[in-house]
Each structure stands twice: as C-alpha cells, then as structure tokens.
Protein chains: 2
Amino acid sequence: MENYQSPQRDAQFVAYELFDFQTHYDKLGFADVSADLVKAIHTEAAKFADNILAPINQVGDQQGCTWSDGSVTTPKGFKEAYQQYVQGGWPSMSHPEAFGGQGLPYSLATSIAEYFSGANHAWAMYPGLSQGCISTILTHGSDTQKNRFLPKLIEGQWSGTMCLTEAHCGSDLGLLRCKAQPNEDGSYAISGTKIFISAGEHDFTDNIVHIVLARLPDAPAGTKGISLFIVPKFNVSEDGEVTDRNGVTCGSIEHKMGINGSATCVINFDNATGYLIGAENRGLNCMFTFMNIARIGTGLEGMAASEAALQGALRYAKDRVQFRSPTQRDGSAAADEIIVHPDVRRMLLTQKAFAEGGRALAYHCMQQVDVLQHAKDPQEQQLAESKLALLTPIVKAFLTETAQEATSYGIQIYGGHGYVSEWGMEQLARDTRISTLYEGTTGIQSLDLLGRKVLASNGELLGIFLAEITSFCDKFDGDELQLRWRDTLLGYTQQWQQLTGQVAKQAATNPDELGAASVDYLMYSGYVTFAYYWLRMAQTASQNIAQGSTEKDFYQGKIETARFYFDRLLPRSQAHAAGITAGAASLMSIGEDMFKA
Amino acid sequence: MENYQSPQRDAQFVAYELFDFQTHYDKLGFADVSADLVKAIHTEAAKFADNILAPINQVGDQQGCTWSDGSVTTPKGFKEAYQQYVQGGWPSMSHPEAFGGQGLPYSLATSIAEYFSGANHAWAMYPGLSQGCISTILTHGSDTQKNRFLPKLIEGQWSGTMCLTEAHCGSDLGLLRCKAQPNEDGSYAISGTKIFISAGEHDFTDNIVHIVLARLPDAPAGTKGISLFIVPKFNVSEDGEVTDRNGVTCGSIEHKMGINGSATCVINFDNATGYLIGAENRGLNCMFTFMNIARIGTGLEGMAASEAALQGALRYAKDRVQFRSPTQRDGSAAADEIIVHPDVRRMLLTQKAFAEGGRALAYHCMQQVDVLQHAKDPQEQQLAESKLALLTPIVKAFLTETAQEATSYGIQIYGGHGYVSEWGMEQLARDTRISTLYEGTTGIQSLDLLGRKVLASNGELLGIFLAEITSFCDKFDGDELQLRWRDTLLGYTQQWQQLTGQVAKQAATNPDELGAASVDYLMYSGYVTFAYYWLRMAQTASQNIAQGSTEKDFYQGKIETARFYFDRLLPRSQAHAAGITAGAASLMSIGEDMFKA
C-alpha cells in the first residue's frame, strides 16, 4: 500500500516489552541476537517494505501478471524488487549456516515478513512460497537433496512452490490423482496437473523448485497413499547447477479478485523427473510439518492487512472534514475532521484492536516456534508444540477473518472514495480476501481446532493454554478497571471449558455436531484469546506509564484500545457461544431440495 | 450473474401469501392489477433479467466503461439491452398515464427491479437513476417542467441522474459549493463540479437529465441554502425536443472496486442552463422525498446480491464433492457433495435467511409506499409514512450490510474457486460493496434511524412498529417450537424499547452517545425486524402445509430457515445490544494521537 509505514514501534513493543524476546533469545542460545541487531534488521526491512515494495503495490494490482506461451511476466518493478531482496540477504535469514543461511531465529525472519506483506501482499507471496519449499527440504530431505537444492534456494537465486491442489481436490487432499512412476535411477516420473500454484511460474529466478504431492502406482487410496516429491522446473546436476528443462510447464494463470501481482498458476507435470522426500506414502505428514508453520504466515498476512487498513483510514480520518462534532472542537469550522465522530472511531478502534491484538498472538506463536526449533529442554519443546497446536488454527483463521472486517472498514471510513481504486483501500480488501481461503479455509481451520486439537486431546491442549491465562490472571494486578477486565477474562476461561464440554458431549453421539459448532467455536476462541493479549498489553502499557515513560500517547492508546476491546468487541463471543450450543439440528434438518423453490 | 434465475416463486410467496397484495391492490383502487397480471409481468421481467441482463454481467465487469474526450462507451451489449428494456415498456410502469406511464403500483415496478439488479447490478443502475430523476420532477416540478421533461424520461428515450456529491462533500451536503446564478429568462446558470455521478454520461440515450443541488448567490450557508435544479445535457425546447448542447461535460470516470459497467462520472457544469425545482433553498427537502424511497431500492440491491450469492453457492454445494459425510450418505463414494457438511449449510442458510428475510422487509416497505401514494384515507397514509420512516434506514443499511456477509459466503463456499473471476462469486462481492456506501452510508442510515426517527419522535415511530409486532404475536398460534419463537420475539420487543430508553437517557446529556450507539442500534433493529418476518413466514408456510400444499419442500424450507434464524442469527443481536449500552466513553476517551505510535 502506498504510504505504508512498517509498524516498527509496535513490533518492538510486542517482542521486547510484552514477550521479553531478549531473555527468550538468550535462553535459546542466540547470544549474538541483541535488541540492537533486531532493531537494525527491522529498520532495514522497513526501508525495503516502505520504499521499494509499497510503491509497486498499486501498479502490481493494475497490471497483474501476464501469461504467454508458458511464460509469466510479473508487473513492472516486481523483478527488480526481488533482486534487491536477494542482494539484501533477506531470503537466508533463519536458515542453517551449513547451506548458506544466517542462522537467525525464525521469529526474526517471520516478523519482518509482516512488513513485506503489509506493503505488498502479492509480491510477498513469492518469497513466502520459497520459505515453504526450503523448510520442507530442510526438515524431510536427504543430505543429497539438501546439498543439491538448498544453497540456491536459500540464497534466493531459485524460488520454490508448494503443489497440493488439483481441480477436483482442494481441502480434501485424499482425492488427489497426480502420479509418480518410479524410474530406474531412483527418481520418479511425475505426471498430472496442479492448480492454484502461487509463484508456480514467473520471471524472478533461474529455476523454480516445486514440492509436489503425488501417488505411487501401488499407493493406498486416500490420504495414506500420498507421497512428496521435489520437482524442479530445470533439472539440476549433483553439484547444484541448472541443466536441461524438466517436464514442467505453466498452462495458464488465473484471473482473480485480488493479489493480481501474484501468479496463480496451472502447472502441468508431464513425466517430469522428481525426487521422493521422506518415506513413501507419508507425504501428507511431511507437508503438514510445514503447513502448520506456514499458517502462522497466513495469519500474519491478515494482520498486516488490518494494520495497513488502519494506517490508511487513520490518515483519511485526520484529514477529511465532514460534519461538526458536538463535543470535540470549538464549533468554529464549517465541519471537523471525521476522526471526531464516534462511529468513525468505533471503526478505527476495531481495526487497531484487530491489528495489534493479532500482532501479539502472531508473535506469541513465533516465539513458540523458536522454542520448538531451538530449545534444549524437551519439556519446553513439548510445551511450545502443545501451545502451537492449539493456537495455529486460531492465528490463521481469526487473523484473516478479522482482516475482512478491518479492510472493509478501511473502505467504509473513506466513504465513496473507499470504493475508488486510487486510494488503495479497496485493493487491500480484495487482496486479503484470499487469506480465509488458502492454506486451509476457515472451515478447515475450525475443524482442526475443535476436532483434531481440542477434542482429540481430550481438552488437554486447551487446558494448557487456559492454565497460562489463569496463571497470568491470578498474578495480575492493576487498577479497578483492569481488575474488572481480569475478572471478565477469567469468566470466559470457564465458559470456554464449559462450552467445550458441551460440544464434546453432543459430538460423542452425532459427528455432525462437530462441524455445526466448529466455526463459531473458532471465532469464540479468537475473541477470548485476544482478550488475554489485550489485558497483557494494557498491563505492560500501564507499567510503562507508571515508570514515567515519555511515550505516554503510545501506551495510553494501548489501554484505551483494551477498554474498547472489552467493552465492544469481546461481547461478540456470546453470539458465537449461542452458535456453539445451538446444535446441528437446525443445520441438518433442512432437506437438500428445500433451499430453493 | 450468469445462471441467475429471478426468484419468482419467492416473490409471489412474499407478495401474495405473506402480505396479501391482492387485497392491498384492490383497496388502493388498482382493479386491473390482478394476480395473473402481476405474475405475467414478473415472468416477462424474469425473462429479460435471466436471458438478456445476466449474460452480459461478467463481460460488463471485465470491459467496464471507457471514457474518451467526454464520451463514455458502455460495455458490449449494455446499450442493446437498454433498447430492449425501453421496447419492453419497462421504464414507464409506475408512472402517471398523463405523461405516458402505465399507472401501475410502485411495488410492482420496484419488485421486478430486484431481478434486474440480481442479474446485473451495474446495468440496473442506469434505469434506477432515471427513476430517481423522474420521481423528483413528478413530485416537485412545475407543470411546464413535467411536460417538457417527463414524457421522454418515462418512455426511456432519455435517462436521468441525481447530482449531489462534490469532491469535498459527501455525507455532509451542507458544505456544497456548486453555484446557480439567475438568468434574465428565469432559468439559472449552473457552475461547479459534481463527482460520483452514476449514469452521468453514457451511450444509451439521446439526452441525460441531471437533477443538481446548487446554491443561489444569496443563499444561507449550510443545508438551508441549497436549491434543486433540472440541468439537461442537451437543451430542450418547450415541446420537449432536444436542441443544442448545454454546458455539461463528463470530465472523467472512476476506476472502482466493482460495478464496472456502471459509469461513475465527474460532471462539470460550466454556466449550464438549469431550471429551479420547488422553492429556493428547499432543495434538500425535495431531494429527500426521493432519497427515502430510493433507499428502498438500494436495500433491494443488497438483497438481490444475497439471493444471487445463494443461488451460485447452492449450485456449487450440490455439485462439488469433497470429504465424506458421516451421516448424510451411505459412505460408498470417495467424497460427497459439500452440501452435506454442517458448516456449508450454516453458510447457505445464512444467505437464505438474509435474502428471503430481506425480501419480506423490502416488500413490506414497498407496500407502505403504495399506501402512501394511493390510499384515500389520510390516516392510512399517515400510518404508512410512519412505518416507512422507521423502516427505510433499516431496509437500506441492514439489507446491504447482510449482503456483504452473504456474498462473502458465496466466495467461501467455492473455496479457492470463489476467488477466481470466472465463477462470478467474487464479482458479486465487489459489486455489492458499494451498497453500504452510496445513498447514505450505514453510519448515516444509523444516525437517521436512531436520531431523526426513533429519538426525535420520542419513540413514537418505534412504538408503531412494535405495536404491529406485538399485535401479530398476541394473535399468533403455532406449534410448540413456533410459540417459543413468538415468546423470544416478544422478549426482543421489550428489550428494543428498553435499549432505546437507555440510549435516549445517555444522549440527553452527551450528544456523542448517539453516534456511539447508532450502528449497533441499527444492526440490532435489523436482526429483530427479520425475526418478525421470519416468524410470519414460518406461520404462513405452516398454514400452507396444513392445507395440504403440493409444495411441501418450499414451505418446509421456510420453517427450517426460520428455525435456523432464531437459533443462530438472532443471538447476534445481543452483541449489538452490548455495543448500544457500552456508552461513548470507550470511543471518545482515546486521544487522536494515540491511535498510532
């Protein structure tokens, strides 16, 4: 977005004041990762986002990608920005030094991805997909595969993709048909067509490394017969150099609602040479290692869009004059800046509560990933993994669902001007609309949360997180207002458990009860989770004010937003609670022919 | 939308079974307007919508309008469709026979506008704007003006616009600057620039008649110094023939999020000859006569989008297979149609509840307009006017706000395919996004409802509508379930009054309390209002089933949707109730510099 400013101050607040990343990094052995280093990296990332990526965001939307005879041309400036990205060393940040990486924490590399996405969602998808490809090879690839593919991927000279979806199978990967036939040399011949492949073809790099789900000839049906393969666009020699073209072509690109600068490709594999990653028929397991972490990245995209919408709307609300305020000005002007009007403030505060609450949740998740990847103590790792398991579907779905509202308010605050392309607000709404769909829809995330995480663990995963909240509340001290919020939050932790018990009971006799409650359950969880972070943020802000901080506006803004959150957003959870307890009957009793005359 | 089918059966249900339009038309003296005639007109309108307008909806979006040297070219097929529309006699339906109209009821002409908008929102705006222009001249024009402009407008040979907005004034018309200088011949020289003028320039008609708000030289500041003028693109002789070009030019058109086939114009008036309508400085009053009725039309657009989204999503949900249902099929298929899944049904039922609940509210409003325009009894007219005053902001804002959710679910049910342009779901969402902005934003409607209607009448207008609901409830009979809904609804009528009293009290000492509560108040009102219509529809459906109707699926679908509505949508009102009672402090206490670091 033009005029986008990477929210460095708030990132610093969340990382260093709320979650004490200094101690966190120290404990994990990142002795060199000082607060100054992090700040310097954030500053450089912000410059790149604000000065290079933001200015090409609108032109990227207008021009989009073009396909011709299998080649994709990206919008003006996209390729050059990618070159600068590579020159800046950004692709390699969190990867192992053995393959040319910088060995920095995951949280550091991922937190700056917010800036890139906020400035230019479509552009940021290219490097984002590469990270997924790299992670998969790092985690599940053989040493030969790592040596062959990782250095150029990590350097950014090549890019990567994740090829899951086929025309007839999206959420339900068990249906996939793409085939892998063993070759005599131990490689495989991959054949089939994948759709919706982001960054599947483009003009950024010398090679594109596809991670592809396919079936071996004798594989069992369903999800237990899917294997994972590395399939490069150009074949690669043992020492990692590009050789001849592989049987991989881009058949077309999609015309979409948004993220027009991101090429969404149909990729045809025609006896393309591929290399098995991990064990045969265990492809989905390998994929989901990556997917779970990638979902934090998608949540981050939603949060970044909420932030960008807030920035744009706030600028307009302080500039546009329309109607007098009865209380906020002296009445001398014919009309006042619209930020004086209560309903405009309601929308701005909603954007702020979602953007900054989302940032807290996302950073908390990133912190758990760091622990999972680097802690020495297996128990600490286990705890981080448990928290992540619960929070991942929430961070993915809740941050992207709330982004729909935040970006819609971006339009609404601009009035009719919000609907006009030049201001950028409508692009934000179109771009972020994808985020509740890809990487698992909100419905899929909700089944994951309620079914696979909460109920399958017999409430244990939920219990761990609720214990964290109640432990915080028990130690909580603050003024009367904040103590009231604390009591409210404690009440919600009890309701959360009670609602969970109720759904568990219903679902025990009728499996449709799970799907009937799931999305409301996820949204309920999101609202209560945000209440926890907003209470923590209010406390941290109060402490800073008490200590005489010179940034009183910043901290007081946190406290006021927490107040708004508890007053006006958290009560929405009760509508979701009603949905959770309503039961499946009012969804399932209507006959399929009764929906329309 | 392609494959759009005008919902004739439901329109008939609402008009003839729910609201007894037969008796209604008879009472107002429309002896010739038989149920058969209405059905025949709806059938012809549906053919035009489904076969002519729907097929050019997508191409209209893709091509958009183009501007060149002051001229606007509409997308392929738009002009030809308009010619067919004129040949079909559609523009003249509800207008007086004295000016070439057909003298049919407003409700008949307006109800078919749903079909046009559902099939092609962008195209439907051109005739929609003409209707606004015609109504204004009919209500406030002199006989000379009527004779000069109306026949060709009513015939459709000319089109019309409404020119309100200027770059610096949207919601706040008091700021407008456009000037009107008296000429010696009694006409005025109009100068200034208007923006966001829908249908301001196009290639459909020989002439365009602009209705323009402007200020006389000695006019008071603010809204009490605005006058209304007729300003044709080509001057018109006394006998209504086009002569020379007037000083009216189209400076450019906007690039927008949607309704790309609708030209949104900058119109420059350069000493253009204009004719005063109504009294000097009373322009806003004249304009609002029309605006109030036009707002029903905008609500209709939202409802039509919800209907179209339901149709598209339902088609896909019955066709797309993905995952097995644990309860709805025999388990023999690898995957089942997604309509078996509870969460898909939740989304479909939400769309259905919004589309059909909205249709009921819209028809109820249209019925009141008929009474207002044609009843002989002044008391009946007064009652209709009172109901309309209250319901107009609700029909406008609630039907367009719910359309945002319904069209978003259209995308969501299609998964990633919903984001791709070819399926049409994302276009619906983009097109309908305008509807919460134009004709008064949701914020403006909410202030109108709470401030100007409910509180300014000391609750009288609300009391009239609540009396209608309680009177219905008192006489209500049904099965145990429906009696429970009746009790729920009665409880809400009490809460509605209690919430109103609370806001009134708060606002008496602090005017910001009005704006702080207003949007939540409107949404609350919308949810409760829909509960009333859903209870009525369930009752009518039950009666038809009891009488042995052969359309059991249709009627049972109504009852099931009512059940869903009471179970899962109506509880959202409680989150809005919390917003209403939260007070202004949590919006107003945050300093303007506290929103961002």
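What average pLDDT does chain A have, and what share of the residues score at least 70? Chain A averages a pLDDT of 97, and 100% of the residues score at least 70. The model is predicted, with an ipTM of 0.97 and a pTM of 0.98.

**Annotated domains**

UniProt, in an unreviewed entry, assigns residues 162-271 of chain A to "domain: Acyl-CoA oxidase/dehydrogenase middle". An unreviewed UniProt entry also gives "domain: Acetyl-CoA dehydrogenase-like C-terminal" for residues 465-590 of chain A. The computed content of each span is tabulated below.

| Span of chain A | Helix | Strand | Distance between end C-alpha atoms |
|---|---|---|---|
| Residues 162-271 | 0% helix | 47% strand | 18 Å |
| Residues 465-590 | 86% helix | 0% strand | 37 Å |

**Relation of the two chains**

Chain A is superposed on chain B by a rotation of 180° with 0.0 Å of shift along the axis, and the RMSD is 0.0 Å. This is the relation of a two-fold axis. Within chain A, A:Ala575 has the C-alpha nearest the axis, at 3.2 Å from it. As for the interface, 100% of the interface residues of chain A are also interface residues in chain B, so the copies meet through the same surface.

In chain A, helix H11 (residues 378-413) and helix H15 (residues 460-475) have axes that come within 9 Å and cross at roughly 100°. H11(A) and H15(A) are therefore roughly perpendicular to each other, since angles of 65 to 115 degrees count as such. On the H11(A) side the contact is made by A:Leu383, A:Ser386, A:Lys387, A:Ala389, A:Leu390 and A:Leu391. H15(A) contributes A:Leu461, A:Leu462, A:Ile464, A:Phe465 and A:Glu468. By class, the residues of this contact divide into eight nonpolar, one polar and two charged.

In chain B, helix H11 (residues 378-413) packs against helix H15 (residues 460-475) at an angle of about 100°, with the axes 9 Å apart. That makes H11(B) roughly perpendicular to H15(B). The H11(B) residues B:Leu383, B:Ser386, B:Lys387, B:Ala389, B:Leu390 and B:Leu391 meet B:Leu461, B:Leu462, B:Ile464, B:Phe465 and B:Glu468 of H15(B). The contact of H11(B) with H15(B) has eight nonpolar, one polar and two charged residues.

Note on methods
Residues are numbered from 1 along each chain as its sequence is written. Chains are lettered from A and ligands numbered from 1 in the order in which they are written. This is a predicted model: local features need pLDDT of at least 70, side-chain atom pairs count only at pLDDT 80 or more; totals for chains, interfaces and linings use all residues. Side-chain values use heavy atoms; hydrogens and water are left out. UniProt positions are given in the numbering used here, feature names are shortened, and annotations may be inferred rather than shown by experiment. Helices (H or I, at least four residues) and strands (E, at least two) are DSSP runs, numbered from the N terminus. pLDDT is the predictor's confidence in each residue, from 0 to 100. Copies are superposed by least squares on the C-alpha atoms of residues with pLDDT of at least 70 in both. Contact means heavy atoms within 4.5 Å. Axes are lines fitted to C-alpha atoms, for helices over the stretch in contact, and angles run from 0 to 180 degrees between N-to-C directions. Angles under 35 degrees count as roughly parallel, over 145 as roughly antiparallel, 65 to 115 as roughly perpendicular and the rest as oblique. Ala, Val, Leu, Ile, Met, Phe, Trp, Tyr, Cys and Pro count as nonpolar, Asp, Glu, Lys and Arg as charged, and the others, Gly among them, as polar.
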